[in-house]
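Hello,

Here is the structure I promised to hand over. Please open it first; my notes follow below.

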Amino acid sequence: MADSSMPVRTCVGCRRRAPVTELLRVVVRGGGLTPDPRRRLPGRGASLHPTAECLQAAIRRRAFPRALRSSTPLETGPLEAHVLRQVT
């Protein structure tokens, strides 16, 4: 029997499924993508592996506006800074 106590989400960059503990939640705040590592900010969220590869794939595929149901372009600066800080 599978253990269903850990929620699973799909990364918007690589489209692989992973437990929420391995993914970074991203929300829209003030027209920009904001990382939500504690998973507490209100609003619709998208999940992303905190790697530069998944971030670039999500930006290239225009996955964030689609996942977050936004009709306007989203600023990726704060999210890119957070991911690059995590990688180094």
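Ser47 sits in strand β5. Strands (E, at least two residues) and helices (H or I, at least four) are DSSP runs, numbered from the N terminus. Ser47 is buried, with a relative accessible area of 8%. Buried stands for under 20% relative accessible area, exposed for over 50%, and partly exposed for what lies in between (1.4 Å probe, protein chains only). Beyond its neighbours within four places in sequence, Ser47 is in contact with Arg9, Thr10, Cys11, Val12, Leu23, Leu24 and Arg39. Contact means heavy atoms within 4.5 Å.

A word on the source. This is a predicted model, where local features need pLDDT of at least 70, side-chain atom pairs count only at pLDDT 80 or more, and totals for chains, interfaces and linings use all residues. Residues are numbered from 1 along each chain as its sequence is written, and side-chain values use heavy atoms, with hydrogens and water left out.

Now the sheet. Three strands form an open sheet in the order β4-β3-β5, with antiparallel pairing. Two strands pair if DSSP finds at least two bridges between them. β4 and β5 stand at the edges with a single partner strand each, so one side of each has no neighbour in the sheet. From one strand to the next, the twist averages 40°. Helix α3 packs on the sheet and touches β3, β4 and β5. The direction of α3 makes about 35° with that of β4. For such angles, axes are lines fitted to C-alpha atoms, for helices over the stretch in contact, and the angles run from 0 to 180 degrees between N-to-C directions.

β3 and β4 deserve a look. They pair in the antiparallel sense over five bridges. Val26 has Pro35 of β4 as its bridge partner, and Val28 stands opposite Leu33 in β4. The two strands form a hairpin with two residues between them. Gly30, in the turn, has a positive phi of about 65°. Four of the five residues of β4 (residues 32–36) are buried, so this strand is largely enclosed by the rest of the structure.

How many salt bridges does the structure hold? One. A salt bridge here is a side-chain nitrogen of Lys or Arg within 4 Å of a carboxyl oxygen of Asp or Glu. The side chains of Arg25 and Asp36 form it, at 2.6 Å from N to O. Arg25 lies in β3 and Asp36 in β4, so the pair ties together parts that are eleven residues apart in sequence. Arg25 and Asp36 are both buried.

Next, the core. The largest nonpolar core has 18 residues. A nonpolar core is a set of buried Ala, Val, Leu, Ile, Met, Phe, Trp, Tyr and Cys residues joined through side-chain atoms within 4.5 Å. Val12, Leu33, Leu48, Phe64 and Leu79 have the most contacts inside this core. β3 (24–29), β5 (46–48), α1 (52–60), α2 (63–67) and α3 (77–87) each supply at least two of its residues. The largest share, three residues, comes from α1. Leaving out residues up to four places away in sequence, Phe64 touches several others, including Val12, Leu33, Leu48 and Leu79.

Last, Thr76. This residue is in the loop between α2 and α3. Thr76 is buried, at a relative accessible area of 19%. Not counting residues up to four places away in sequence, Thr76 touches Leu33 and Ile59. The C-alpha atoms of Thr76 and Ile59 are 8.4 Å apart, and the two residues are 17 apart along the chain.

Best wishes
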